[in-house]
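Trainee: I am new to this structure and would like to go through it slowly, one question at a time. Could we begin once it is on display?

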Amino acid sequence: MTPGPLSSKNDRIRRLGELLIELGAINDRQLNAALNEQRKWGGRLGAILVEMGFLEEKTMTQVLAKQLGLSTVD
């Protein structure tokens with residue numbers, strides 16, 4: 001099936017949690033804990049992971065840029 005006109009690069013974006021685990025930035029336990037917090041209180045997964053101390057903000061920024069195919073600057 002060929003992508004239609006409404007397809008975008010979002011079709012290729014992997015889930016953030018999966019990407020973070022694949023890159024070795026977090027483990028399954030940390031992802032599940034953050035997802036539980038997200039279900040309970042809402043919010044963005046990346047921010048929750050940083051707030052819980054599982055990731056540094058700089059690492060999250062780099063992973064989000066990779067996920068979206070963007071570059072980062074310091």
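Mentor: Let us begin with Glu 22, which forms a salt bridge with Arg 14, their closest N and O atoms being 2.7 Å apart; a salt bridge here is a side-chain nitrogen of Lys or Arg within 4 Å of a carboxyl oxygen of Asp or Glu. This is a predicted model, in which local features need pLDDT of at least 70 and side-chain atom pairs count only at pLDDT 80 or more, while totals for chains, interfaces and linings use all residues. Residues are numbered from 1 along each chain as its sequence is written, and side-chain values use heavy atoms, with hydrogens and water left out.

Trainee: How many salt bridges does a search of the whole structure find?

Mentor: Side chains of opposite charge can pair when their charged atoms come close. When the whole structure is searched for such pairs, the number of salt bridges found is one.

Trainee: Does Glu 22 count as buried or exposed?

Mentor: Buried means under 20% relative accessible area, exposed over 50%, and partly exposed in between, with a 1.4 Å probe and protein chains only. Arg 14 has 37% relative accessibility and therefore counts as partly exposed. Glu 22 has 54%, so Glu 22 counts as exposed.

Trainee: Within what arc do the buried residues of α2 fall?

Mentor: The buried residues in α2 are Gln 30, Leu 31 and Ala 34. Seen down the helix axis, they line one face of α2, because their directions fall within an arc of 100°, where the arc is that of the directions from the helix axis to the C-beta atoms. The face turned away from this buried side carries the exposed residues Asp 28, Arg 29, Arg 39 and Lys 40, whereas the buried ones fall within 100°.

Trainee: Which helices do the buried residues of α2 pack against?

Mentor: Contact means heavy atoms within 4.5 Å. Gln 30, leaving aside its neighbours within four places in sequence, is in contact with Ala 25, Leu 49 and Phe 54. Taken together, the buried residues of α2 pack against α1 (16–22) and α3.

Trainee: How far apart in space are Gly 53 and Gln 30, C-alpha to C-alpha?

Mentor: Gly 53 sits in the loop between α3 (45–51) and α4 (57–68) and is exposed, with a relative accessible area of 58%. Gln 30, by contrast, is buried, with a relative accessible area of 13%. Although 23 residues separate Gly 53 and Gln 30 in sequence, their C-alpha atoms are apart in space by 9.8 Å.

Technical notes:
Helix = DSSP H or I, 4+ residues; strand = E, 2+ residues; numbered from the N terminus.
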